[in-house]
Amino acid sequence: MRPPARIYTDYEAMARAETVRRGQLGELRQVRVEYGQDWLAEPLKASGHKQADGGTDPARAGAGGCIGDIGTHAYQLAEYITGMTPTVLCAELSTFVADRAFDDHLQIMLRYANGARGTLGARQVATVHENDLRIAVYGSRGGLRWVQLPAVAPRLDTSRTTR
């Protein structure tokens with residue numbers, strides 16, 4: 001499976017995702033993916049911040065907000081690593097900074113056809129998270145964790161056996 005042209009699946013370390021899709025972790029049970037940023041934790045639009053000026057204006061950036069800006073990266077990463085697409089989801093989009101025209105926080109519960117469950121969180125108001133993308137996938141025989149910063153190889157643990 002070749003990943004779509006997305007920056008976060010271009011890490012050489014993501015080649016280990018193939019082990020998940022081949023079933024090395026057993027039956028997948030849980031997927032947890034999060035993307036935190038803090039650059040919109042305060043109202044920057046009036047400050048002249050170039051990215052905030054255009055990036056927080058739906059007329060110029062589109063109506064996507066946090067879900068379109070970084071939520072899509074988290075979703076695509078989970079889909080690429082697991083090879084699974086959610087069949088059902090329940091999402092809540094929130095805006096924490098006053099006078100912002102779109103969401104700056106989202107949380108999504110995911111349900112997959114095999115019975116696995118997942119969560120996706122993306123927030124651009126997460127203070128102390130400069131650009132923090134991370135994922136954990138848990139199966140019946142092991143798990144995989146990856147954290148973008150610092151960019152390191154995923155930690156793959158397949159030491160568990162079915163009991």
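The largest nonpolar core of this predicted model has 28 residues, and Ile81 and Ile135 have the most contacts inside it. A nonpolar core here is a set of buried Ala, Val, Leu, Ile, Met, Phe, Trp, Tyr and Cys residues joined through side-chain atoms within 4.5 Å. Buried means under 20% relative accessible area, exposed over 50%, and partly exposed in between, with a 1.4 Å probe and protein chains only. The elements that give two or more residues to this core are helix 1, strand 1, helix 4, strand 3 (105–111), strand 4, strand 5 and strand 6 (143–147). Helix 4 gives the most, with seven residues. Helices (H or I, at least four residues) and strands (E, at least two) are DSSP runs, numbered from the N terminus. In soluble globular proteins, nonpolar side chains tend to be buried together.

Residues are numbered from 1 along each chain as its sequence is written. Because the model is predicted, local features need pLDDT of at least 70 and side-chain atom pairs count only at pLDDT 80 or more, while totals for chains, interfaces and linings use all residues; side-chain values use heavy atoms, with hydrogens and water left out.

Beyond its neighbours within four places in sequence, isoleucine 81 is in contact (heavy atoms within 4.5 Å) with Met14, Ala17, Val20, Arg21, Ile135, Val137 and Leu144. Methionine 14, one of these, sits in the segment before helix 1 (17–21). Methionine 14 counts as buried because its relative accessibility is 1%.

Threonine 82 belongs to helix 4 (residues 65–82). With a relative accessibility of 6%, threonine 82 is buried. Its side chain makes polar contacts, that is, pairs of N or O atoms within 3.5 Å, where within protein one must be able to donate a hydrogen and the other to accept it, and residues adjacent in sequence count only if both atoms are side-chain atoms. A polar atom of this side chain lies 2.8 Å from the backbone oxygen of alanine 78, and the side chain also reaches the backbone nitrogen of methionine 84 at 3.0 Å. Apart from neighbours within four places in sequence, threonine 82 is in contact with Val20, Arg21, Leu28, Val31 and Val137.

Next come the strands. Two strands pair if DSSP finds at least two bridges between them. Strand 1 (residues 28–36) and strand 5 (residues 132–139) run antiparallel and are joined by eight bridges; glutamine 30 has tyrosine 138 in strand 5 as its bridge partner. Strand 1 also pairs with strand 4 (residues 117–123), in the parallel sense and over seven bridges. There, arginine 32 stands opposite threonine 119 of strand 4.

The structure holds three salt bridges, each a side-chain nitrogen of Lys or Arg within 4 Å of a carboxyl oxygen of Asp or Glu. Glutamate 18 and arginine 21 form one, with the closest N and O atoms 2.8 Å apart. Both lie in helix 1, three residues apart, about one turn of the helix. Glutamate 18 is partly exposed at 28% relative accessibility, and arginine 21 is partly exposed at 21%. Arginine 100 and aspartate 104 form another, at 2.9 Å between the closest N and O atoms. Arginine 100 is buried at 13%, and aspartate 104 is buried at 0%. Aspartate 132 and arginine 134 also meet in a salt bridge, at 3.1 Å from N to O. Here aspartate 132 is buried at 10%, whereas arginine 134 is partly exposed at 33%.
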